[in-house]
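Subject: Structure handover

Hi,

Here is the structure for you to look through. My notes follow below it.

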Amino acid sequence: MGVMRLILNIIWLILCGWWMAILYFLAGIICFVLIITIPFGIAAWRIAAYVLWPFGRSIVWRRDAGIASVIGNVIWIILIGWWLAIGHLTSGIALCLTIIGIPLGLADFKMIPISLVPLGVRIVPSGELYPGYHGAAAY
């Protein structure tokens, strides 16, 4: 399972991971420059790292995220999130046009929610999400 994850991550990085990560990185820079939106910049850079190498990691919604996260996510969607979601949608559709790109396109579609609501989520290793799971090769 680890080799397949590595192969998928390398193909992902070459085809769309690097340029989507650049978009998140630029969004983060804009947020840091505006000072009041520094928490958005931190979230954007956290997601940029996830977008670079997504296979083997999962998104977990934090139940303890408060109303500030909700308000921040609304502001994020209006200012930045919808642009990033369109980027994921566009690259996901393009990837799904090829046989080898279908799993990558589906992964791109799964990133749309975090591109819209980055606050109040954590990115964890998939093994942490499903404790005791070692992949199909272990059985």
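Is Cys16 buried or exposed? Cys16 is buried, because its relative accessibility is 1%. Buried here means under 20% relative accessible area, exposed means over 50%, and partly exposed is in between (1.4 Å probe, protein chains only). Cys96 counts as partly exposed, because its relative accessibility is 27%. The structure holds zero disulfides, a disulfide being a pair of cysteine sulfur atoms within 2.5 Å.

Some ground rules. This is a predicted model, in which local features need pLDDT of at least 70 and side-chain atom pairs count only at pLDDT 80 or more, while totals for chains, interfaces and linings use all residues. Residues are numbered from 1 along each chain as its sequence is written, and side-chain values use heavy atoms, with hydrogens and water left out.

Overall layout

The protein chain has six helices and two strands. Along the sequence they run α-α-β-α-α-α-β-α. Helices (H or I, at least four residues) and strands (E, at least two) are DSSP runs, numbered from the N terminus. The protein chain has 139 residues, and 38% of them count as buried. Take the contacts in the chain with a separation of 6 or more: 73% of them join residues 24 or more positions apart. Contact means heavy atoms within 4.5 Å.

Helix α1

Helix α1 covers residues 2–33, which is 32 residues. Its end C-alpha atoms are only 39 Å apart, whereas a straight helix would reach 46 Å at 1.5 Å a residue. That expected span is 1.5 Å times one less than the number of residues. α1 bends by about 65 degrees at Leu13. The bend is the angle between axes fitted to the seven residues ending there and the seven starting there.

Buried residues of α1 include Leu8, Trp12, Met20 and Cys31. The buried residues of this helix pack against α2 (38–52), α3 (67–96), α4 (102–110) and α5 (112–116).

Asn9 is also in α1. Asn9 is buried, because its relative accessible area is 2%. A polar atom of the Asn9 side chain lies 2.9 Å from the backbone nitrogen of Phe55. Asn9 touches Trp53, Pro54 and Phe55, leaving out residues up to four places away in sequence.

The core

The largest nonpolar core has 26 residues, and Trp12, Tyr24 and Trp76 touch the most other members. α1, α2, α3, α4 and β2 (121–125) each supply at least two residues of this core. A nonpolar core is a set of buried Ala, Val, Leu, Ile, Met, Phe, Trp, Tyr and Cys residues joined through side-chain atoms within 4.5 Å.

Leaving aside neighbours within four places in sequence, Ile112 is in contact with Ala85, His88 and Leu89.

After α1

Ile35 lies in the loop between α1 and α2. Ile35 is exposed, because its relative accessibility is 59%. Its phi is near 60 degrees, a positive value in a residue other than glycine. Most residues other than glycine have a negative phi.

Best wishes

Notes
A polar contact is a pair of N or O atoms within 3.5 Å; within protein, one must be able to donate a hydrogen and the other to accept it, and residues adjacent in sequence count only if both atoms are side-chain atoms.
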